[in-house]
Amino acid sequence: MKKNILVVDDSALMRMVMCDILEADQRFHVEDRAKNGKEALDLLCKKKYDAVVLDVNMPVMGGLELLKELQVRKMPVRVMMASTDTREGAKVTMDALELGAIDFVHKSGNIKNNRTEEFQKNFCETLYAVASSREPAFGKAVSLGSIQSDKKFVSMVRKHTIAGNKIVAIASSTGGPKALQAVIPKLPKGLNAPVVLVQHMPVGFTKSLAERLDSLSELTVTEAREGEMLQKGHVYISKGGMHMNVSSDQRKSCIHYSNEPSREGVKPCANYMYESLINSPFDQVVCVVLTGMGLDGTEGIRNLKAKKQTFVIAQQENTCAVYGMPKGVVKAGLANQIVELDNVAQEIIMNVGVK
């Protein structure tokens with residue numbers, strides 16, 4: 001059955017281009033169009049859509065205002081953001097994801113660029129994942145104050161020595177930014193391992209993601225820099241547009257970026273990150289696979305697990321926005337644990353310990 005879509009954009013030409021792209025794909029039917037958030041809200045109050053394609057900057061009511069209104073009314077709507085905003089695009093996108101949008105694409109202000117095969121494929125694949133995802137839930141925002149209940153657990157773990165030199169390697173995609181807010185802020189400053197993380201995002205967006213997570217967390221979260229030595233209690237997020245690897249020399253490990261083609265259709269690709277850990281000095285790699293479409297992570301973890309002691313944590317299906325990447329490792333028989341999103345941080349702590 002085709003996915004019914006609502007397209008919201010103040011530009012009549014842009015609406016036409018996006019609708020043409022969707023109608024050319026047999027998976028979609030453009031049910032309605034709106035030129036601002038107010039028109040969209042009126043339609044959403046009357047009808048149910050499989051997904052909404054939402055612009056940011058519009059008169060009367062913009063995209064972020066509409067998302068806020070949907071939260072106030074507790075209306076679970078699957079939203080994919082589509083914006084040409086380049087000045088504060090990354091920050092605005094992070095705000096939109098925090099307000100309930102599931103994923104995003106960036107359309108070009110040049111209409112010609114939006115007719116390329118690459119853009120159309122990305123647009124349709126991302127929207128299909130959004131339209132097929134779980135409806136967004138309206139939970140409380142994550143803050144340092146909201147993780148106080150985990151302090152007792154961390155204190156308990158700290159009393160028990162966990163042997164070994166370990167590293168945590170996380171992969172996430174669609175729905176990932178929100179899922180990461182339920183994991184990273186719960187990790188203590190004294191986590192006894194470094195954390196490397198691949199979230200599928202384009203160039204320029206991972207820095208904003210790192211800054212957002214850092215503001216919510218006790219440990220340090222940064223966009224990883226070339227040549228940076230890995231330190232315990234630090235989260236290193238791969239920048240978009242490059243593949244992040246862990247390069248090791250004797251007992252020291254550092255960040256190294258490579259520029260191979262996209263793999264599994266993404267760049268950065270978690271498979272490269274996992275495979276780079278095969279020859280690392282770590283005694284064990286704790287792999288965590290969170291929500292996301294596709295199979296990125298499965299092949300890399302399979303290759304890693306064949307050569308190194310590896311413990312794999314997969315996010316449970318009913319807590320994923322898109323059960324693709326975790327499903328891949330589970331079906332391949334690679335997962336040691338399948339846990340709900342809210343319990344992922346505790347399982348990481350249990351496996352690596354606290355200083």
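Predicted model: local features only at pLDDT ≥ 70, side-chain atom pairs only at ≥ 80, totals over all residues.
1. Lysine 207 is partly exposed, with a relative accessible area of 46%; the term covers values between buried, under 20%, and exposed, over 50%, computed with a 1.4 Å probe on protein chains only. A salt bridge here is a side-chain nitrogen of Lys or Arg within 4 Å of a carboxyl oxygen of Asp or Glu. Both residues belong to helix α8 (residues 206–216) and stand four residues apart, about one turn of the helix. Helices (H or I, at least four residues) and strands (E, at least two) are DSSP runs, numbered from the N terminus.

2. Residues are numbered from 1 along each chain as its sequence is written, and side-chain values use heavy atoms, with hydrogens and water left out.

3. By the salt-bridge rule, the count comes to 18. One of these joins glutamate 275 to arginine 263, with the closest N and O atoms 2.8 Å apart. This pair links distant parts of the chain: glutamate 275 is in helix α9 (residues 270–276), and arginine 263 is in the loop between β11 (252–258) and α9, twelve residues apart. Arginine 263 counts as buried, because its relative accessibility is 15%.

4. Aspartate 25 and arginine 27 also form a salt bridge, with 2.9 Å between the closest N and O atoms. Aspartate 25 is buried, at 15% relative accessibility, whereas arginine 27 is partly exposed, at 25%. A network of salt bridges links Lys91, Asp95, Glu98 and Arg212. In general, side chains of opposite charge can pair when their charged atoms come close.

5. Two helix pairs deserve attention. The axes of helix α1 (residues 12–23) and helix α5 (residues 117–131) come within 10 Å and cross at roughly 75 degrees. Axes are lines fitted to C-alpha atoms, for helices over the stretch in contact, and angles run from 0 to 180 degrees between N-to-C directions. Helix α1 is therefore roughly perpendicular to α5, a label for angles of 65 to 115 degrees; under 35 counts as roughly parallel, over 145 as roughly antiparallel and the rest as oblique. Met18, Ile21 and Leu22 of α1 make the contact with Phe119, Gln120, Phe123, Cys124 and Leu127 of α5, contact meaning heavy atoms within 4.5 Å.

6. Helix α2 (residues 37–46) packs against helix α3 (residues 63–72) at an angle of about 30 degrees, with the axes 9 Å apart. The two are therefore roughly parallel to each other. On the α2 side, Gly37, Ala40, Leu41 and Leu44 meet Leu66, Glu69 and Leu70 of α3.

7. Where is histidine 200 placed? Histidine 200 is in the loop between β7 (195–199) and α8. The residue is buried, with a relative accessible area of 15%. Leaving aside neighbours within four places in sequence, histidine 200 is in contact with Ser172, Ser173, Val266, Pro268, Asp296 and Met325. The C-alpha atoms of histidine 200 and histidine 234, 34 residues apart along the chain, are separated by 20 Å.
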